[in-house]
Amino acid sequence: MDMKVLNKRHGVEVNKYVKFLLGEAFDMTEDENEKFMEFHKLVKGIIKQSDHYLEGDEMTESDVIHEWLMITPNLLFHS
């Protein structure tokens, strides 16, 4: 999935995590393609929201980056 990342390693790790979650969701939903597509849409929304988070200017740059680094994995974990 295309998303904003801090560096190459961060991108590799987050992409592995997203692929793992999508694979697990695919296996769990088995023949219920509609449920998988709903989850996939949710994942895309989380990534879009975390990318948008970087554009906010309410916090200092280091605070934003610190929060943003874990926002996608945490939101995906709780989805």
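Start by selecting Glu-30, which counts as exposed at 61% relative accessibility (exposed means over 50% relative accessible area, buried under 20%, and partly exposed in between, with a 1.4 Å probe and protein chains only). Glu-30 sits in the loop between helix 1 and helix 2. Show its backbone: phi is positive, about 45°, although Glu-30 is not a glycine. Most residues other than glycine have a negative phi.

A note on what is on screen. This is a predicted model, in which local features need pLDDT of at least 70 and side-chain atom pairs count only at pLDDT 80 or more, while totals for chains, interfaces and linings use all residues. Residues are numbered from 1 along each chain as its sequence is written, and side-chain values use heavy atoms, with hydrogens and water left out.

Next, switch to a cartoon of the whole chain. There are three helices and zero strands, in the order α-α-α along the sequence; helices (H or I, at least four residues) and strands (E, at least two) are DSSP runs, numbered from the N terminus. The C-alpha trace spans about 45 × 25 × 20 Å along its principal axes. Of the 79 residues, 28% count as buried.

Now select helix 1 and helix 2. Their axes come within 9 Å and cross at roughly 160°; axes are lines fitted to C-alpha atoms, for helices over the stretch in contact, and angles run from 0 to 180 degrees between N-to-C directions. That makes helix 1 roughly antiparallel to helix 2, a term for angles over 145 degrees.

Show side chains where the two helices meet. Helix 1 contributes Val-18, Leu-21, Leu-22, Ala-25, Phe-26 and Thr-29, and helix 2 contributes Lys-35, Phe-36, Phe-39, His-40, Val-43 and Ile-47 (contact means heavy atoms within 4.5 Å). By type, the residues of this contact are nine nonpolar, two polar and one charged.

Which residues does Leu-22 contact, leaving aside its neighbours within four places in sequence? Select Met-1, Phe-36, Phe-39, His-40 and Val-43.

Finish with the largest nonpolar core, twelve residues in all: Met-3, Val-14, Val-18, Leu-21, Leu-22, Ala-25, Phe-36, Phe-39, Val-43, Ile-46, Ile-47 and Leu-76. Such a core is a set of buried Ala, Val, Leu, Ile, Met, Phe, Trp, Tyr and Cys residues joined through side-chain atoms within 4.5 Å. Helix 1 (8-29) and helix 2 (33-53) each supply at least two residues of this core.

Definitions and conventions: Angles under 35 degrees count as roughly parallel, over 145 as roughly antiparallel, 65 to 115 as roughly perpendicular and the rest as oblique. Ala, Val, Leu, Ile, Met, Phe, Trp, Tyr, Cys and Pro count as nonpolar, Asp, Glu, Lys and Arg as charged, and the others, Gly among them, as polar.
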